[in-house]
Amino acid sequence: MSVSFVTVWSSGYVVGAIAARTMAPLAVTMWRFFIAAAILGAAALLRREQWPSSRDAVRLLGVGVPLFAIQFGALYTALADGLPAGTTALIACSSPLVVAAIGAGAGWERLRPVQWVGILLGAVGVAVTLADKVGRPPSVASLVWALSGLAALAVGTTLHGRVRTDAGPAAIAATEIAAGAVVLAVWAPAAGNVAIPLDVDSLVSFAWLAVVAGVGAPLLLFALVRRHGPTYASSHLFVVPAVTAFAAWPMLGTPVGPLAVVGLGVVAVALYLAVGRRQREVEEPAASGAGGTGGVPGPAGPDVLRQSGDPVPPAVGHAHPGDAGRGVEVAHAELA
């Protein structure tokens, strides 16, 4: 599941940069979320998942605003302003620092010293990579947009990790993404054109963002949050900038400079320190049979989201591990 998450999440930055060349960034994000919410909602109905109660729905809608509308609206605007895909990914994916600070400060998670070392080392890796001229932001505005996306991702991930509901994963994702779509339905028209060009490049990139990244990425993120907590889940984002940077080199013509390579290597070590040992501790009991399963199919990897006995709808893909009886622990709304 970790490999699938990193691959799908990274593709969103590269394909998003391609889409932003021919489409208004907020239009891409708005239509992507409307389609993703419809697919996820249909999957939840086919699987006969439980939907959130009215109270839980309000909380999940509050989570969806920063996690989807603000995060992706800001990041795609940064891409459209010329910020390289690798740099955009690097800024956004440093969110584990903010998530850890929020979680530890609020007493929601306890981090061992080695995890703090890993998270701080990740910050060093980010700084080294940004020092490379290849990855330098082209303007203050693009940097501000990227930092806004970072803040929204960190807040949204933390809140999602604290909400508790018995609703199914596809129903949860559909609710949160719908909140993002509604916000963008106001924001995007105010910012300009919302039409999707009908050329091949635009349609293919948009389809990828709407279906693969729009449906798969949140399901995999939620699966990691449910199973391991928000710090563990968001720490996987340390790997995304490296994958994005090297994928963008041939696809977007943005080379990776020598300092960037060093910075990305530092970030990889940081990931191991921050989550490597904890992953083994969590997965060993799981392998012995502890825990349940529950959920909806996600885009890749072995049964990641599946409730026992339930059919897997082909429209979504696979499933992710979780615990339907336990629910998703996510805090929300104090933020709305």
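Before we start, please keep in mind that the model is predicted: local features need pLDDT of at least 70, side-chain atom pairs count only at pLDDT 80 or more, and totals for chains, interfaces and linings use all residues. Residues are numbered from 1 along each chain as its sequence is written, and side-chain values use heavy atoms, with hydrogens and water left out.

Let's begin with the whole chain. The protein chain has 12 helices and 0 strands, where helices (H or I, at least four residues) and strands (E, at least two) are DSSP runs, numbered from the N terminus. Of its 336 residues, 54% are buried, meaning under 20% relative accessible area, while exposed means over 50% and partly exposed is in between (1.4 Å probe, protein chains only). Contacts here are heavy atoms within 4.5 Å. Among the contacts with a separation of 6 or more, 83% join residues 24 or more positions apart.

Now for the helix pair. How do helix H1 (residues 2-22) and helix H9 (residues 200-228) cross? Their axes come within 8 Å and cross at roughly 150 degrees; these axes are lines fitted to C-alpha atoms, for helices over the stretch in contact, and angles run from 0 to 180 degrees between N-to-C directions. That makes H1 roughly antiparallel to H9, a label for angles over 145 degrees, with under 35 being roughly parallel, 65 to 115 roughly perpendicular and the rest oblique.

If you look at the residues, H1 brings, among others, Phe5, Trp9 and Ile18, and H9 brings residues including Trp208, Leu209 and Leu220. By class, this contact has 14 nonpolar, 9 polar and no charged residues; Ala, Val, Leu, Ile, Met, Phe, Trp, Tyr, Cys and Pro count as nonpolar, Asp, Glu, Lys and Arg as charged, and the others, Gly among them, as polar.

On to the loops. Arg48 sits between helix H2 (25-46) and helix H3 (54-80), and is exposed at 78% relative accessibility. Its phi is positive, near 55 degrees, in a residue other than glycine. As a reminder, most residues other than glycine have a negative phi.

Finally, helix H11 (residues 240-252) has buried residues including Val240, Ala245 and Leu252. Gly253 follows H11, with a positive phi near 75 degrees.
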